[in-house]
Amino acid sequence: MPGPISTALVLTLGLALSIHQYLEHRVQGALTDIHTCDTLYDKKKYGHILDYDRHSLILHGQPTLIISGEFHYWRLPDKSRWRPILEQYRSAGLNCIRIYFHWGFHSPSEGKYLFNGNRDIDYLLQLCQEIGLYVLAAPGPYICAETQAGGFPIWLAAKREIRLRHMKTNLWKEYDPEFMKHCIQYFENILPILAKHQITNGNDGCIIGLQIENESFQHVFGYPIGLHDDMKALAKSARDCGITVPFFTNDGFEQGSFIVKDDPKRKKKDFGIDLYGFDKYVVFTPNSEPTSWVVGRDPSHLEEWSPSTVMSELDKMEKKVRSFGHANHRTPIFIPELQGGWFNHYGIQYTYDAIYRFYGDQYTRLMLDTVVSQGCTMLNFYMFYGGTNWGTIGDSDVYTSYDYSACIREHGLMSGRLRKLRQGILFLQSFSDIMVRTDAVEPSKAVSVQSSLENTICQQRRSHVTGNQGPAELTFIRNFSSQKLDRFELRALSTAGRVAARLSCNLAYKSSFIALGNYITSNSDIHLVLSATPILIRGFSNDDNEIWITALATSGPTEMAFSGKISIKEAGMGGIHLRESPEDASVKVLAIPEGSKNTHVILSSAANGLPKPSLHIIFLDTITLSTLYCYYDNRHSAIASDGQKSQSTRGMASSPRIVTWGSYNSRYNPDQDTLIVESTASQKELSVLSFGKSDEQITSINNNSKVSIYGSNLPYQVLSLKSNQEATQAQQSTALWIDRNRQGIPFTGWETRITDFSSYDWKDCPKESSNSDVFQKVNLDFKFTSGHIIYRGKFKTRDSSQDSPLRNKNLVSIKINMRNRVIAFVNGVCIGSHMTYSRQLFSPGAKMGYDPVSFGSHTFMVPREALEAVSTRRGTGAPGPLEGDDQEHEVILVIDSFGLSRQPFVVDDIRNPRGLLSARIYGKDLVKGSESWQVAGVNVTKLDMAYESTGFPDEHSQQGWVATTERPRVVPDNGVTWWRTRFEGPPSCVTSTKANIPLCCRIEGEFSAMIILNDVLVGRFFGSDSPQHDFYLMDGLVHKEGQLNELKVMMYGSKETIGDINQAHLRILPWIVEDAQGDLGQWSGNAAFEVDSAQEKDLQVGPFWTLEETFSLKA
C-alpha cells in the first residue's frame, strides 16, 4: 500500500501534468485552417535561388556565410546619412543588415501610412541592393528595440479594449482578433514594398528572409506562453502579401520555439516557421543584468566582466540548439541578435564611453569567433550602429543617445571594436569555402592542437574541404586564462598524437582568433600545419600564386608551421628564417623576429624542376591592421554563379577584389573602378592590392609603382593622400576651421521667450470620483505621449493675512503621484521638482514590468510667498483679491514622461501610466470643493510624426521672442523659457574632396532642456538624472559653411543657474576624442572634452575629422 506522502506526490504530479496539458492545449488556438505546410518556404519553386541545409544558407548554389549588422533607419532622422552609414557596414566586411521596420514610425494615426522622406523604405532597400548588402527584414509587428510601445503606434496603444501582443496580463496571453486585424492591415501596407526587393524575384533583390514577430517565446522554461494562432495569422498574412523568402523567428534565448516538426501529426498541430533563430546577449553591464532588476546596483560603478559568463552561455550552444531536434537538424544555426554592445539608462552615472571600456575593443570579435566555433553561419550583430533616440522615439529604458557602445559610434566614428571585428570577418570571408561547412571535433576524439596555457582553446572544427592531408582544421583560440598571460605555446600534434611543432602565440587576455591548420595552398607542396598568428585575407594572383595578409605578433616572434619541401624565395628583412622542428623533421617553422615592422615572405617549392605557385605572405603590425580594408564580390547572382561553375572553389565568393591599408576608411566602387578614401591629417599614403585585373592592367600597375617592402610581382600600388592642390587646400581650410572652433562655434546672438501657460487650450481632467485622488485619464488617453504633459490645478484659500502665527508656515501642501519628472509652480513661483523612476521591477516608476501605481507619491509644501504671489500671477493680469475674500491660486505641473514602456517577452507594460496619476491639495485654509484640474499637451495622432514633439502646444510659436544679451540660463520662477540662436556649420566640399566633421552640442548644469536643431528635436537633457551631456548634431541636419543653423533650447529647473555652483554651459564644437588621428590604432571614439595636458598627450586627444577623396584605379 502506498503511503500518504507518496499518494500526495502522485496527485501533485498528476495535477501539474494536467495543468501543463491544459496550457499546451490552450495555446494551440482555434485557427485550424492554417497549418505549417501552408506557409513554409517553397524550396521546389525558389530553391535554385535560395536554399539552406544544416550548415548554411545557399544563394544561387553557393553556400554563404551571413554576417549582418542591425540598422534602424528610424534612429537616423537625416535620410542623407543612410548611405554613408550603410557603406561603413560594407567596409567593415558585413554582407547583410537586419532592419526592424517600425509600425508607429510609419503610422501616426489610424489608417494613415507614410513611406516618404526619412520613412522611404523603398529607397532604403534600393540602397542596400546598390551597396551590396543582403537584408533580413523584421517588420514585427512588435519590435521591442527600446522604442516607445515596442514599435506599436500610439493610436493602437490608446485603444484600451485591444490586447497588445494578445497580453491579457503579465505572463498570460489570449488571442485577440481585433489586435490581429490591425496587424494584418499594417502588413498589407508595408509588406508589398518589401516584396518588391526579395531575392526570390530573380532581379538581384536584397531581402533573403523575413522575421515573424519578435522574441515571441513558445515556451519559457517549459511554461507554454506563445500563441500558435498569433504566428499562424501573421505568417499567412505575410504570404498573402507576396512574401516568398523564408520566414525566421528569434527566441529571446534558446527555447526551441516554433520549430517545424518532422512528425506529420505534430507538423499539423504545432505551428512551425522555416528557420529557427535565437538571440544571444551574453555579458550585461552590472546595472542591466537580471538581478539588478530586483536588487539595485551602484549606478557609478562598472566591475570587470567574467569570462565564465561567456563560457557558460556559449560553449555548449550548438549542442543545445541541435537537441531541439526536428527541423533543427536540417537548418543552419542562426542568431538574429548577437550582442554588439549594450544600452544605458536614466539615473546611471557613467556614459556609453565607460560601457565601451567595460566591454573592451575585442568583445564583438570575441562574440563572433565564439559563436562560429559553435557552428553558427548566420548571425546579426545588435547593434552595429545604434544611432539616436531623437525626438521621443526611445522608451523609458533609454535616453537620447542609443550609441550602444557599438562598432560604429553614434557620431559615425568607426571604432577600434569594428576594426578588430573586421579582421575576424575578413578571415571568414576569405576562407568562406572552408568555414561554411564544418563539424565540431568532440573533446573525446583526437584533437590536433594543444596549448601550454589553460582556457586558451575553446573549440576545434574540421571543414568539409579536404586536401591530400585530410580536412582543413580550425582551432578557436580564446584567451580566458586565469593567469591573464598574453604569451603561450601552441603545440601542433601529428595524427599519432605526438607533438610535431611548438609555436609561440601572442594573444591578449579576453581576445580571440581562429588558427588555420592542415591547409593545402594553391601549391599542393606547401602545406600549412598550423598558424599561431591570425591570417586575415587570402587572395590569388592571375598565375595562381596565393597571397595572405597576416598579423605580426605584438610581442614575441610570429610563427607558422609548414610541411613539404619549401624554401624562402624572398624575404623583406633579415632574421626571417625557416627552422626544422626538433619534434618532427618534416615540419618547418617560419619565424619572424620579435619587434619586426611590416614585411613579407615568399615561400616556394619545385617538383621535377617545374615551377609551381608560391605563397606570398604579407605581415602587418597592429596599427596598420586597424586600417585594413577588403572588398569582396560577395553578392551572388544567377549570372555570377553560372560564370563560376568552371572555376575552382578558390575562385568563387571568397576571392577579394581590392585590399587597402593606411587610411581611416576605404570604399571600393566596382562599377566605376574607383576607390573612395577617408583619411585623417596624419595619414599620407594608402597601400592598394588589386585582384581580378587583367595581366596587362597588373603590368601597368607594377610599372608605375615603387619597389615595395611587401615583395615583388604584386599587383600593388601606393596612393598619395591629400597630395593635389584641391585636397591640400581642403585640409588646410578644415584644420584652420577646427583650430578656430575647438573651444566652441560662435553664436550670432540670442533671443528668448517665456511660455505663457494661460494661452493653452486646457481640457478638464476629472478624477474618478469626488472622494478620489486618482484621475480618470492619463497621458495615453489624451494621446499626449511625446515629451511633456502640462497640468493646471486651481484651488482657493480663505484669507489668513491676519493670522500672524502662521505667517512663516506652509499653509498648503500638494500631494501628487506622477511619472516621470515634474517641476511645480504655484502662482508662478517654483516650489520644487521631483523624479519618480526606477530601474527595478515592482518599484514606483519601474522602467519596465509591473509599476505599483498606488505608490511613488511626493508632497510639495507650498511656501507662503507662493500663496501671496497670487496678485502678480503671470498670464492673468488680474488684480489681487480684496482682504477677507477667498483667494484663488493656480498650480502648474510640467511633467516629462520618459516614454511608454516596450512590453518585452511576456510582460504587459505598454499602458503603464505616465503623466499625473493622482493629486490632492491639503491645507487648513483650503476652501472645500475648490480644487479642480485641467490638462494640456500635444495630441501626437494629429502630427505626421508622433515622436517629434516636446509636448508643449506653443513649441513652434514665433510670438514673444525678444533679443537678449544674456546666454541661456534658468531662473526658476520664470517657468519654462525658450532660447534660440544661430551658428555657421563646418566646411563641406571642395569639388571632389569632402570634409567630415561631426559636431557635438555639449550642455552642463542642473536643469532640464530640450535641444532643437533646425526644427528637429535632437536631444533631451536632464542634468544629473541622465548621464548624457554630449549630444550628436546629425550631419544631415547641419547646414554646412555659408548657411546658418538655428539652435533652439527649451529650459526649466528648480535651481537658478548662476555663479559657480550651478552654471548653465552650452557649446557646439567638434567631437574631441581619444586617439583622434588613429595613431594608436585604437579609435575608441570615446569623448575627451575634459582631460589634463598629460592625459591629452598620452591618449592622443584631439578633434575627430577626416577628408574624403576619390581615386580612379583604372590602369
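Student: Is Ser-323 buried or exposed?

Tutor: Ser-323 is exposed, with a relative accessible area of 54%. Exposed means over 50% relative accessible area, buried under 20%, and partly exposed in between, with a 1.4 Å probe and protein chains only. This is a predicted model, in which local features need pLDDT of at least 70 and side-chain atom pairs count only at pLDDT 80 or more, while totals for chains, interfaces and linings use all residues. Residues are numbered from 1 along each chain as its sequence is written, and side-chain values use heavy atoms, with hydrogens and water left out.

Student: Where is Ser-323 found, and how many residues separate Ser-323 from Gly-256 in sequence?

Tutor: Helices (H or I, at least four residues) and strands (E, at least two) are DSSP runs numbered from the N terminus. Ser-323 is in the loop between α12 and β13 (333-339). From Gly-256 it is 67 residues away in sequence, yet the two C-alpha atoms are 9.0 Å apart in space.

Student: At what angle do α4 and α6 pack, and which residues make the contact?

Tutor: Axes are lines fitted to C-alpha atoms, for helices over the stretch in contact, and angles run from 0 to 180 degrees between N-to-C directions. Helix α4 (residues 82-91) packs against helix α6 (residues 121-131) at about 40°, and their axes are 10 Å apart. Contact means heavy atoms within 4.5 Å. On the α4 side the contact involves Trp-82, Arg-83, Leu-86, Glu-87 and Arg-90, and on the α6 side Tyr-123, Leu-124, Leu-127, Cys-128, Glu-130 and Ile-131.

Student: Where do Asn-820 and Asn-827 lie?

Tutor: Asn-820 is in the loop between β42 (812-819) and β43 (821-826), and the peptide bond from Arg-819 to Asn-820 is cis, with omega near 20°. Asn-827 is in the loop between β43 and β44 (829-835). Its phi is positive, about 55°, although it is not a glycine, and Asn-827 is buried, with a relative accessible area of 2%.

Student: How many helices and strands does the protein chain have?

Tutor: The protein chain has 23 helices and 61 strands. Its radius of gyration is 32 Å, close to the 32 Å that the globule rule gives for 1115 residues, so the chain is as compact as a globular protein of that length. The radius is taken over C-alpha atoms, and the rule is 2.2 Å times the number of residues to the power 0.38. Buried residues make up 62% of the 1115 residues.
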